[in-house]
Every structure is written in C-alpha cells, then in structure tokens.
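Me: I would like to go through this structure with you, a few places at a time. Could we begin with the surroundings of one residue?

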Amino acid sequence: MVSYLFLLYKGEGSISNPSHKAILIRISMALVRGSLLGLSTSCRFFCVLVSVLAVQPHQAHGLSLGFFGPKRTAVAPPVAGICASSVIVHGYKCQELEVTTQDGYILSLQRIPESRVRDGEVKRQPVLIQHGVLVDGMTWLLNPPEQNLPMILADNGFDVWIANTRGTRFSRRHTSLDSNQPDFWNWSWDELVSFDLPAVFDFVYGQTGQKIDYVGHSLGTLVALASFSEGNLVKQLKSAALLSPIAYLSHMNTKLGVVAAKFFVGEIVKHFGLAEFNPKEEPVGKLLKSLCAHPGVDCYDLLRALTGKNCCLNSSTIDLLLMNEPQSTSVKNMVHLAQTVRNGVVAKYNYGRADYNLNQYGEATPPIYNLSNIPHDLPIFISYGGQDALSDVRDVMLLLDNFKSHDVDKLSVQFIKDYAHADFIMGVNAKDLVYNQVVAFFKRFH
C-alpha cells in the first residue's frame, strides 16, 4: 500500500543522536558547496521522504513511533509463508510459487486456485492482485475471509494470484546478488514496470493459458498504468481494476507533505550510501524517530494527517498490520516517487544530470509515460475516495483526463465520499462498497 510519510527536519534546533548529527553536517557541507544536484544553499530544510502504510488507525491502536525500528513484540510475523499463515488456515487451497525476472530477482507468488467450497469448476478466470509500496501480499489478507479481496474473488469463481514486489520479505533473493549488497537495491518503480509485472504476467498466463484480470492498489496502480501506456501486458490482459489510483501526486492535501515534497532532497540519502529503505532497521528507524522527536512533528497523528481519515478500519486489522509491516523498498524507489510528487508528471527516473539521463535514455530529460496511449478498448475500473490525502480527488481528475477518448462502455469510475487510502484494502465494508463492484465489472467481460 503506497503512502508518503513526509518527515521534516528544519535547519534549527538539535538532534541528539551523534550519527544523525554527522549525517546532517555532511549534508550541510554538500549543500554549501552547491555540488549536489544543483540545490540552492538558501534551502532551509533537510527533508527525508519515507513511505509508510496508508492507514488511519483505530483510536486505541495508533501507529506510534514503535511502528519504526526493530519490532519488540512477543508475536513474530509469519516466516512459513503467506499461504500457511493466512490462507490455508481458513480452509482454502494455496500454492507458494516463485517467478524469476529477466534481471534476476526471485519473486514470491501465491495462488488460491479455488473457493473453499468445491464447486467442480475446472477452468477459472485468473486474477492477479498487486500491492503497493512498503507492504507485501499479506496486506490483502488481514481481514477475515468474508472481508478480504483475494478470498472474495476465489469464492466468486476466480483463480487468484497474489504478487509480492522485489525487496519485500519473501522476495529478497536474486540469481547472483545478495540483499545485503547495494546493487540488489539499484531499482525504482521503473523496474517494477519493466521486469516485475511482465515476469508475473508471463508466468500466470503460461500456467493458465488465459488472459488475466488485474487489481492494483496505490503503487500497484501506478506501475500498471505505466505498463499499459507503453503497450506492455495488454495482450495478456482482460481487464483492470485500479483502487485508490496514484499517477499524478502534486495535489496531496497535507501541509507537511506539500512542504516536504517541495524541499525534498532524498537524493542526498542515496549519495550517503543508503540503498535499502527499511523502516524496521537501522539507520532508517532511528533517523525517523529522531525526526519525529523534533518540535511540531507528531508522529502519532501524522499518519491520519497524511493519508486521510480512513472511515472503516477495525482494531484487529491494525493489530495484524503492526505484526507484519512495513516492508523494505529501495531508496532509489523512494527518490523516484518524490520526483513524481515534485514534477507533477509520470516519468521515468531522473538521474539528476543531463549526461546520466542521456546515457540511460538517449535524451537529457527522462521520458514521460504517456497515459493517453493506454488502449481505448481496455476495460478499466477506477475507484477513488473523497477523504484520500494521497490519491487526491484533483489528481484523480488529472488521471481521468487521459481517458477522455476511452470507449465509454469500457471505463467505469466509482467515487466513495467517505473512503481514504487504506479503506480500499482493509475497510470492513469494502466488500459491499468496492469488491462486489470489481467482481461484477470483471464478469461483464468474461
């Protein structure tokens, strides 16, 4: 689930941790020299953009600073796999599978081939479900079977496949790299577009021989839109449902988020050797806690302020969330997301120098993903919320502008006034408001 927690350290006051002081001093010197990415020495803010779960917790279950850094809970997250911990226990069949991308990442994939009530149906329609950033496929399964999307789809006759992005706990292997090596983390969401999604689509299509329905949430919508815009996957795709879609991010309606995005210099973090962005471990956890301790930054209430007022989460779901998340992503991915916020366009990763971009793309500026190139006859369902601080209504309107020429009978848009970012994936009433509509939309084109 993609969310953007913007934690801001103003260039005044102090930070108690010596290592963090040293980092800030080095950043200050770099800025004064004016040698880092052309940033002005008059900039007053050092900003660190990090991504956390898009959740407005139950009043009694706030995501406090304990959400970051090493877990000190007596209950460990599951290590046996998603099938064993969250699917088979409910009476469903589930297969743990692996997919290797062209660039060598070994991705975890779960398959729920049928309902727990055997109906004898031999050939089921495959559907692939893609999570957002800093979480994995487990987040789709935090609610009970009658409320979570994968099992609802299985009970409605679908062959369900759950993807897990590179870098998350069950997708931390590579054919030649170790996850402790910086090169393992040398990717952004461009690589999810170019490698992860195609590998999973090829595998599911090869196993089933059928075109695939797709469901994405948050970052899972961005990588899908970018893929479709380049003509990728569309020959294997039957239809797509995009929940709480993000593409344009320039209207995020949080004061702190806007300020942090404006001054964000997350590229600095990359320059100082951080490759993996893991909120559970050092140095990210302690750095975040130090920033949260700065006057004026209230990290208990910050999640609600940044993601919107989610209407419909319950405490048991939050308990499971705290046991399992957040997951790692790459610093480069975080930088790319920050660029998407700042620049107001959906573009490939900007290396910060014209010669680097020329070497990578053959042009001085990163190419744009032209979303208006998405095939006009592709069935697309879009659902967004009126309380979502990340997938802001104005940004969704910009996204919908790209579909003005779309076949009217192939585009369905749903607006839910009270929904915010996390409601779409963990809301207790999401089945009635969203998932039943997704199932009905998919079945129109079967």
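Me: Which residues is Tyr419 in contact with, leaving aside its neighbours within four places in sequence?
Reply: In this predicted model, Tyr419 is in contact with Cys311, Cys312, Gly385, Gly386, Gln387, Asp388, Phe424, Gly427, Asn429, Ala430, Leu433 and Val434.

Me: And where is Tyr419 found?
Reply: Tyr419 belongs to the loop between strand 13 (411-416) and helix 14 (423-426).

Me: Is Tyr419 buried or exposed?
Reply: Tyr419 is buried, because its relative accessible area is 0% and the cut-off for buried is under 20%.

Me: Which backbone nitrogen lies 3.2 Å from a polar atom of the Tyr419 side chain?
Reply: That nitrogen belongs to Ala430. Ala430 is also among the residues in contact with Tyr419.

Me: What separates the C-alpha atoms of Tyr419 and Leu433?
Reply: The separation is 9.8 Å, with the two residues 14 places apart along the chain.

Me: Changing topic: where is Gly167, and what does Gly167 touch beyond four places in sequence?
Reply: Gly167 sits in the loop between strand 6 (158-163) and strand 7 (173-174). Beyond that range, Gly167 touches Arg172, Phe184, Trp185 and Ser328.

Me: Buried or exposed, that glycine?
Reply: Gly167 counts as buried, since its relative accessibility is 0%.

Me: Which aromatic cluster includes Phe184 and Trp185?
Reply: The cluster is formed by Tyr105, Phe184, Trp185 and Trp187.

Me: Why is Tyr351 called partly exposed and Tyr361 buried?
Reply: Tyr351 is partly exposed because its relative accessible area is 25%, between the cut-offs of 20% and 50%. Tyr361 counts as buried because its relative accessibility is 18%, and buried means under 20%.

Me: Last topic: in which sense do strand 3 and strand 4 pair?
Reply: Strand 3 (residues 95-100) and strand 4 (residues 105-112) pair in the antiparallel sense, over six bridges. Glu98 has Ser108 in strand 4 as its bridge partner.

Me: Which residue in that hairpin takes a positive phi?
Reply: Gly104 does, with phi near 95 degrees; the hairpin has four residues between the strands.

Notes
Residues numbered from 1 in each chain as written. Predicted model: local features only at pLDDT ≥ 70, side-chain atom pairs only at ≥ 80, totals over all residues. Heavy atoms only, no water. Helix = DSSP H or I, 4+ residues; strand = E, 2+ residues; numbered from the N terminus. Buried < 20%, exposed > 50% of the residue type's maximum accessible area, 1.4 Å probe, protein only. Contact = heavy atoms within 4.5 Å. Phe/Tyr/Trp six-rings, centres within 6.5 Å; stacked < 30°, edge-to-face > 60°. Pairing = 2+ DSSP bridges. Polar contact = N/O pair within 3.5 Å; in protein donor to acceptor, adjacent residues only side chain to side chain.
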